[in-house]
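User: Please take a close look at one helix and the charged contacts around it. I am new to this structure.

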Amino acid sequence: SQITTLINHKDKPKRSDKTLQAIQRVGQAVNLAVGRFVTVGEAIANENHELKKEMSVACIEARRAGETIAQLTDVASLDHPESDSHITIFTDKTGVVKAARLLLSSVTKVLVLADRIVIKQIITSRNKVLATMEQLEKVSSFQEFVQIFSQFGNEMVEFAHLTGDRQNDLKDEKKKARMAASRAVLEKCTMMLLTASKTCLRHPDCESARINKDGVFHRMRLALEQVIEIVTDSRPNGENEMAPISIYSGIKEFKNKVEGLRENLYFLSKENLSTMLEVILEHTEDFTDSAYTSHEHREHILELSKQAKMELEQLVSVWMQAQNQKTKDLMEDLEVAILKTCQCMNELKREVHSAATSLAADLLKYHTDHMVLKALKITGVEGNLEAVAEYTCKLSEQKEQLVEMCRLLRHVSGTEPLEITCIHAEDTFQVTGPQIISAAETLALHPSSKIAKENLEVFCEAWESQLSDMSMLLREINDVFEGRRGEKRIYLSLPRPGKHNANLKALKPVKLDTEEQAKIAKLGLELHLLTSDVDSETEKWEDQENEIVQYGQGMSSMAYSMYLFTRGEGLLKTTQDLFHQAEIFATEGTKLASALHAFSDQVHDDDKPLLLLEAEKLISMCKQLQITAKASVQGKSATFTKVDACILKTRNVMTLLCQLLPLCCKLLRKNKAGNGCLKPAPPWREDRIRTGTNAHTPERRAETFGIKALENHVTNMTFLESK
């Protein structure tokens, strides 16, 4: 940005002192920035000897270019006669251009080399994990297993940190979704690996226990391999990734081609268009051939498929005529044919969406009680092999239904990341189903085994968790279809002209410049991390429709859009947008406080006064934020101060929200457990504050990942760090 300013400056015969000082400041700023950048590059070089030479050369080039730019922009003394021989940006513009090119080139080299080092670190970390996994597979004593698993846990923490950072840096949303899916598999499989291995050690001659353990190891290896494929952007044996085409993406591409005929009648052949429609209609057979599609949906899809063929035939006929003779009547007929074809495809898209989402909603509602899993646990503990066999058949049927549901949802998911999430869900049901069956068979063969019982519990929890994730995925798919969701989760409450507060009209909408973004970056990053924490807390609630959860999710979404504003990204484009968003955020916070008061009336627990106290704090903070957001300011400096204050106060509210959500969740669970919330609660608030202040210590980071001591059976392991 600074270099562009220098290169594009206008040469004027008369230069004011202000212009000369500005140019000098820019040159010095570039040189200082390069110095800081190169210092980091040199530190990386010293830690990685194999790339030290290349990195050092690139750093020297960058430093030299930065110094050259600083010299050429040292123009403050131009008005003095003795400086006439001094070469500057005004006497040698090409020198600045050359220095800028060298600087950008060398900076790019440093970045590429640093990236290679990161990739190498991830591969090295993966290799460590694989080597330790091989040792875990071969252990024969529990004592040896304890030692190796402890090492394995530490290695998984390191791998999770590295891959989490990489996932956050990925620009490709598709790769980001694939990385998230692989890391989710590793998260769940780490706990499964623990209990499955312990079961095998406890019952070494049990075939079903061995099958169960082997399945976990195999799945973890596949997930580790996929992470490396994403990081290195490669496929095994050089094969290309062939992603299956969904009906949505097929219809979108087909419509684009059809509508393109308005501009150019010759850019594609009729055979191409016919082939595209054939592919789409072949995919609709996934719906019409499915045993779970209703008769009504099947008939409508077949009817619309037939109509689509007819509309295309009519379009091709008019199109061919228009190629030979461009009369006004023919062009009008072509426009009608294009509209009718696109309308038919929209109706087909709506019908398959309705078929997939209604099936998903029915299945998720039907299986929400987890009756088959409960029956497997009971019959397993009883040692009733016959009953276990009966319920494993029912689970297999349920698995087939859910796999089919995922396949159909993939066709209507609307975005590539959601498609990948559907594919991941399908794989999870495919793999977890047989693993539950082998775990249940092991328990039935050894009904008194505590570890076999614990192992079955872990696999059942993974199944239940995936079902819960499907409910969230279904909501996202519906949001995309109805236009409520973009590529990134944003709260779409933007100001519209003439609709919002009168005092906003007096404000001139401005954006933050680069310097202001840099100043506010740290605060924005803190806000980003808090949104991740709040999202993590809301996901722990069983009832996602709970009013408190809904407000928490909405406020987190708004805070995320405010974080994006600090980076110059997202839908909040101007400071006026930000202030309006802050007002909406504060209003939602006040509503949440009311919901907390209503919730406190249902609670009879020692924590109730704390809950009410925190709710009152929330009201006070939201009022302060509203006052700040509505305050009228003038001038660039005052506007930036107001932006800073709004972000700071939003951060404070989000910090409080991170404390409120787990407290409410705990009280709700105690209430459901039937003890009326009468038991005294632990000193939650003090503990929360204490752990919050140590968020960056190694112990705290390990706790975030959920890598616990092995003696505690690595309970609730969630080692994927929220970015």
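Analyst: The expected span of a helix is 1.5 Å times one less than its number of residues. Helices (H or I, at least four residues) are DSSP runs, numbered from the N terminus. This is a predicted model, in which local features need pLDDT of at least 70, side-chain atom pairs count only at pLDDT 80 or more, and totals for chains, interfaces and linings use all residues. Residues are numbered from 1 along each chain as its sequence is written, and side-chain values use heavy atoms, with hydrogens and water left out.

Helix α14 covers residues 416-445; at 1.5 Å a residue its 30 residues should span 44 Å, and its end C-alpha atoms are 44 Å apart, which agrees. Of these 30 residues, 21 are buried, so α14 is largely enclosed by the rest of the structure. Buried means under 20% relative accessible area, exposed over 50%, and partly exposed in between (1.4 Å probe, protein chains only).

E416 forms a salt bridge with K174, with the closest N and O atoms 3.8 Å apart. This pair links distant parts of the chain, E416 being in helix α14 and K174 in helix α6 (residues 173-202), 242 residues apart. A salt bridge is a side-chain nitrogen of Lys or Arg within 4 Å of a carboxyl oxygen of Asp or Glu. E416 counts as partly exposed because its relative accessibility is 42%; K174, at 23%, also counts as partly exposed.

The structure holds 26 salt bridges. Among them is the one between K377 and E457 (3.3 Å, N to O). K377 lies in helix α12 (residues 371-382) and E457 in helix α15 (residues 450-481), so this pair ties together parts that are 80 residues apart in sequence.

How values were computed: Helices (H or I, at least four residues) and strands (E, at least two) are DSSP runs, numbered from the N terminus.
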